[in-house]
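Reader: I have a structure open and would like to go through it. Can we start with the strands?

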Amino acid sequence: QVQLVESGGGLVQPGGSLRLSCAASGSIFSINAMGWYRQAPGKQRELVARITSSGSTNYADSVKGRFTISRDNAKNTMYLQMNSLKPEDTAVYYCKAEGPPWSGNYWGQGTQVAVSS
């Protein structure tokens, strides 16, 4: 059992920055990889960024060079640093933790990011 709590969303102007946080608790030792997903109105949920236990990362093409995913194992927290935000980044952002095959994945409650002037 893993619990994920997200924070850091809000309203920013285009070109601004936000840092999202995802704090994990429970059976955190079972987490292998973690990622950020987002879902905009009328669109499917999509992968934004993912980081493995070894530190390997991958990003959606739309956010490469602007977003950075990281993990602080001492704090059991994952971050998404978002720079040069665009209106098309507006979405609900979800944290996901990947557990072993017998337990599956865990999702946070989502945090809203709005980019507008």
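Reader: How many bridges join strand S4 to strand S5, and do they run parallel or antiparallel?
Author: This is a predicted model. In it, strand S4 (residues 33–39) and strand S5 (residues 46–51) run antiparallel and are joined by five bridges.

Reader: Which residue in S5 is the bridge partner of Gly-35?
Author: Arg-50 is the bridge partner of Gly-35.

Reader: And what sits between S4 and S5 in the hairpin?
Author: Six residues lie between the two strands, and one of the hairpin's residues, Gly-42, takes a positive phi near 80°.

Reader: What about S5 and strand S6, how many bridges there?
Author: Three bridges, with S5 and strand S6 (residues 57–59) paired in the antiparallel sense. Arg-50 turns up again, as its bridge partner in S6 is Asn-58.

Reader: How many residues are between S5 and S6?
Author: Five, and the two strands form a hairpin. Gly-55 in the turn has a positive phi of about 95°.

Reader: Changing topic. How many disulfides does the structure hold?
Author: It holds one. Cys-22 and Cys-95 form the disulfide, with their sulfur atoms 2.0 Å apart.

Reader: Which parts does the pair tie together?
Author: Cys-22 lies in strand S3 (residues 18–26) and Cys-95 lies in strand S9 (residues 91–98), so the pair ties together parts that are 73 residues apart in sequence.

Reader: Is the link left-handed or right-handed?
Author: The link of Cys-22 and Cys-95 is left-handed, with -75° about the S-S bond.

Reader: Last one. Are Cys-22 and Cys-95 buried or exposed?
Author: Cys-22 is buried, and Cys-95 is buried too.

How values were computed: Residues are numbered from 1 along each chain as its sequence is written. This is a predicted model: local features need pLDDT of at least 70, side-chain atom pairs count only at pLDDT 80 or more; totals for chains, interfaces and linings use all residues. Side-chain values use heavy atoms; hydrogens and water are left out. A disulfide is a pair of cysteine sulfur atoms within 2.5 Å. Helices (H or I, at least four residues) and strands (E, at least two) are DSSP runs, numbered from the N terminus. Buried means under 20% relative accessible area, exposed over 50%, partly exposed in between (1.4 Å probe, protein chains only). Two strands pair if DSSP finds at least two bridges between them.
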